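Trainee: I would like a close look at a single part of this protein. Please take me through its surroundings step by step.

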Amino acid sequence: MTPAQFRAAWEASGLSQADFALALGYQSDNRDRLRTQVNDMVNGRKPISPQVGRLAEMFRRHGVPADFRPAIGGRV
């Protein structure tokens, strides 16, 4: 997945960068650190693993599942 494709998946989700990182399985109590994870992938500073890319593409096609809501504070 390219950074542009990753950006499209994130934007299609309607989530903040921090919430998108949580939905992708990243964990941190620091929302800035979570936001940086997505921002670095969107801008090509961090490689996008095949697993994260496939999950992001699934979210783009089908949305973020409702059962992920507790992980991101109910904001989906």
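**A close look at V42**

Mentor: Start with the contacts of V42. Leaving aside its neighbours within four places in sequence, V42 is in contact with P3, F6, R7 and W10. Keep in mind that this is a predicted model.

Now place the residue. V42 lies in helix α3. Is V42 buried or exposed? Its relative accessible area is 6%. The cut-off for buried is under 20%, so V42 is buried.

Next, look at distance. V42 and R7 are 35 residues apart in sequence. In space, their C-alpha atoms are 5.2 Å apart. Take the contacts in the protein with a separation of 6 or more: residues 24 or more positions apart account for 54% of them.

P3, F6, R7 and W10 belong to α1, and they take part in its contact with α3. From α3 come V38, M41 and V42. The axes of α1 and α3 are 8 Å apart, and the two helices pack at an angle of about 135°. Angles over 145 degrees would count as roughly antiparallel.

Follow F6 next. What does F6 touch, leaving aside its neighbours within four places in sequence? The list is M1, F20, L24, V38, M41, V42, I48, V52 and A56. F6 also sits in the largest nonpolar core, which has 19 residues. Within this core, F6, F20, L24, V38, V52, A56 and F59 touch the most other members. Four helices, α1 (3-13), α2 (17-23), α3 (31-42) and α4 (50-62), each supply at least two residues of the core. With five residues, α2 gives the most. There is a general pattern here. In soluble globular proteins, nonpolar side chains tend to be buried together.

F6 takes us on to α4. It is one of the α1 residues in contact with that helix, along with A8, A9 and A12. On the α4 side are V52, A56 and R60. Here the axes are 8 Å apart and the angle is about 40°. That makes α1 oblique to α4. The crossing of α1 past α4 is left-handed.

A9 counts as buried, at 0% relative accessibility. Not counting residues up to four places away in sequence, A9 touches F20, A56 and R60. A9 and L55 are 46 residues apart along the chain, and their C-alpha atoms are separated by 9.5 Å.

For contrast, turn to G44. G44 lies in the loop between α3 and α4. With a relative accessible area of 47%, G44 is partly exposed.

The protein has four helices and zero strands. From the N terminus on, the order is α-α-α-α. Of its 76 residues, 36% count as buried, and V42 is buried too. The protein exposes about 4600 Å². Carbon and sulfur atoms supply 48% of that area.

Definitions and conventions
Residues are numbered from 1 along each chain as its sequence is written. This is a predicted model: local features need pLDDT of at least 70, side-chain atom pairs count only at pLDDT 80 or more; totals for chains, interfaces and linings use all residues. Side-chain values use heavy atoms; hydrogens and water are left out. A nonpolar core is a set of buried Ala, Val, Leu, Ile, Met, Phe, Trp, Tyr and Cys residues joined through side-chain atoms within 4.5 Å. Buried means under 20% relative accessible area, exposed over 50%, partly exposed in between (1.4 Å probe, protein chains only). Contact means heavy atoms within 4.5 Å. Accessible areas come from the Shrake-Rupley method with a 1.4 Å probe; for residues, only the protein chains shown count as cover. Axes are lines fitted to C-alpha atoms, for helices over the stretch in contact, and angles run from 0 to 180 degrees between N-to-C directions. Angles under 35 degrees count as roughly parallel, over 145 as roughly antiparallel, 65 to 115 as roughly perpendicular and the rest as oblique. A crossing is left-handed if the near helix is turned anticlockwise from the far one by less than a right angle, and right-handed if clockwise.
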